[in-house]
Amino acid sequence: MVKEKKDETSRDDKHDVTEHDAFEELRDILASGDEEDAYPAEDDGARAMPMIPLRGLSIFPYMVLHFDIGREKSISALEKAMVRDQIVFLAAQQDAETDLPTLDDFFRVGTIAKIKQMLKLPGDSIRVLVEGISRGVIEDMVHEIPYFKTRVREIEEVEYETIPNRVEALMRTVLDNFEDYLNISRKLPQDLFVSVSTVEQPGRLADIIASHLDIRTEAKQEILEAFDPEARLSLLNDILTKEIEILKIEQDINKKVRSKINKSQREYYLREQLRAIQEELGDEELIEDEIRDWLEELGKLSLPEKIHAKIEKEIKRLSKIQSSSAEGGVIRTYIEWVFQLPWNKYSESVIDLKATERILNEDHYGLIKVKERIIEYLAVMELVTSMKAPIICLVGPPGVGKTSVAKSIARSVGREFVRMSLGGVRDEAEIRGHRRTYIGAIPGRVINGVKEAGTMNPVFLFDEIDKVGNDFRGDPASALLEVLDPEQNKEFTDHYLEFPFDLSKILFITTANTTDTIPRPLLDRMEVIEVPGYTEEEKVKIAEQYLIPKQLKEHGLSAETIRMPERTVRDIINYYTRESGVRNLEREIAGVCRKSARKVVEKKTRKISVTGSTLEKYLGKRKFRYDVIENEKMIGVTTGLAWTVVGGTTLSIETTMIPGTGKMELTGQLGDVMKESAKAGVSYIRSIADELGIETNFYREKDIHIHIPEGATPKDGPSAGVTMCTAMISTLTGVPAKQDVAMTGEITLRGNILPVGGVREKVLAAHRAGIRKVLLPADNERDIDEIPANVRKKMEFVLIKHAKDALPHILTKPIA
């Protein structure tokens, strides 16, 4: 029980006031004073009575409890109540620290109570046992001296003869929550729930439960001020729900704390045992020897003065700390990391341009530009030994050999190879490392890669640099700026090492599928080399020279056992894969080898021939199809070319015209750019309608519908502008269009044809589909040289500057 400074209110349900004689004696003494009758009720229903202020305590009707009083006014109010009808008004103070409260310091709603017993205590204090009768509201203050006397209006409790369903539901919910509260709290007896659940009136039920809750005085006061039983139950239910959640959180916290304490005690006990064993075995001397060895090794390293001083300081710190302590383990790990770094160790790079070219050709087919750029870089390195290594970024679709090119570079220059995948990296500490203040801190993966390489000048590959993310843990892309900037990486500082480390001799190579997601400052520090997708011819050569021999070896087969002619390889490429690289092609070839290996084992077959007719037995039904354009002529249908991440493809653009009000319908999951190209084409046609012999009001009386098949595949880009325009002209003029002529180009409102990208892939798609005539923007003439020579020989290229230039090649007859 905690007392006030001189009137501290508190509860102590275990204490019983049994001093009956002292109670009677005090009452007789008080009765000898003022002889007034009990306080009568006035006309407005209020009655004057003594008031005792409570600090940190709220009393509810029907609640029996005792508290101590010691302030003079409180004792005087008690005396007056005892000589009359023993009725007193109890109101809680808003601030328990106020010693001399006034009317404004009390809550206006309190409890009218009857004094049951009182007991004198040492120190001029009195312990009072009271029983709450009903709620009351202070109307005004009669006087404050020598005690608080207030006019109080009694609030009668609402009692139901028949409890409404909503109130009954609230009572059940409150009882359920109170039962959960008792189970979690463990501070109240479990049998309390049995007695509480027998209460039938909702208001009394709320008061009894609230009186037992360990909550703030303000919260209890809110319940006391809720006169309506339903509102009181609802408020109590909210408080119970909140308290249960808080108790659950406290339980979780206590459980975790106990677990940590138990673990710490166990670790301390084991460390003490280990220390005693070490003392018995004399291991302390071994630690001294280890520190001596480290200092000798440090003296042999040619390190900058500041780094040397820092490492020496850490070693000496370890000698003064118990080896079994947590801090000793952190310092030991740090020192071991420092000595594992390849200080002043370099790979002897032997630059032989012919050998490098031979290795690159051995490992990769095609990629002429990539190989040329690598050889140029090595030639400059041979002439200028102090040249700062540039950052090469290989950009291309998946499976084209970007990572393997980096490995070949390392092999050709005789350096160690380190690869770090950046896909999904979101923590800056992955690059810069963790500070040693964190438990389990380690250096970043850059320093770790250098340690694994064992040299200061490896070939370091940052794979998938376009997939670096960022979140609340930092921005790894910003951390990479220091790593990849030749002006800064000479003094790269890892958070764990806490001293500058030279990365300038490392040949950094990065790979990406696209440059769109690479931050601009990071992209500026790299030299981008495009790695295009492979053509069908290149894929055939790669399969014959690299993939098939590799898979035969891995599956225990030989070229004599299984025969896979070129036609079969082409069928696998065209009908079972659709990619720019050769990753899926290798998987399909591996599937053929697995099936063949099973045949060899089960049927003891020595020779297997995989042909186009038997390919489905090995790989199942064809997964893809490629359009083969026939020499057909149709009104409103033209052939376009598109670029995708897996290569080029042909687009059959269909248009039709129906009577209507001039609406334009675009279907086939077209993107915003493609829709804008179609609208630009309509505006251009309207501007030259007279020249084409088209009715000038067609856009008012006809609806135009443009559709591109394979509607499940999203399509976007400006390069189909000229194709949609010519298809609409064919529909509006009624002149059939040739299907065996493909085109690509962006159109303007004046009919000009602008250049587009992906010409190489688009022409290869046209060639694969059997098309031999392609219309290209005049500004794309330079891109024709990028097309393989064997394809160029079979194709006819027509360069167009204006949409009108395409009409004679597309339409079957001239138009007006």
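This is a predicted model: local features need pLDDT of at least 70, side-chain atom pairs count only at pLDDT 80 or more; totals for chains, interfaces and linings use all residues.
Visitor: How many of the residues of the chain, as a percentage, count as buried?
Guide: The chain is built with 28 helices and 26 strands, and a residue counts as buried when its relative accessible area is under 20%. Applied to the 816 residues of the chain, that cut-off gives a buried share of 48%.

Visitor: Which elements give two or more residues to the lining of the largest cavity?
Guide: The structure holds four cavities of 30 Å³ or more, and the largest cavity has a volume of about 50 Å³. Its lining includes Leu 90, Ala 91, Val 109, Gly 110, Gln 221 and Leu 224, and the residues of this lining divide into eight nonpolar, four polar and no charged. The elements that supply two or more lining residues are strand 3 (87–92), strand 4 (109–121) and helix 6 (217–224).

Visitor: Which helix gives the largest share of the lining of the largest pocket?
Guide: The largest pocket has a volume of about 1300 Å³, and among the elements that give two or more residues to its lining are helix 12 (368–383), helix 18 (536–554) and strand 17 (637–644). The largest share amounts to five residues, and the element that provides them is helix 12.

Visitor: How many charged residues are in the lining of the largest pocket?
Guide: The lining of the largest pocket is made of 43 residues, and Val 531, Pro 532, Gly 533, Arg 760 and Glu 761 lie nearest the centre of the pocket. Arg and Glu count as charged, and in the lining as a whole there are 18 nonpolar residues and 14 polar ones, while the number of charged residues is eleven.

Definitions and conventions: Residues are numbered from 1 along each chain as its sequence is written. Side-chain values use heavy atoms; hydrogens and water are left out. On a 1 Å grid over the protein atoms alone, a cavity is a set of points where a 1.4 Å probe fits but cannot get out, and a pocket is an open set with protein on both sides within 12 Å along at least five of seven lines; lining residues have an atom within 4 Å of a point. Grid points are joined across faces, edges and corners, and a volume is the space filled by probe spheres set on the points. Helices (H or I, at least four residues) and strands (E, at least two) are DSSP runs, numbered from the N terminus. Buried means under 20% relative accessible area, exposed over 50%, partly exposed in between (1.4 Å probe, protein chains only).
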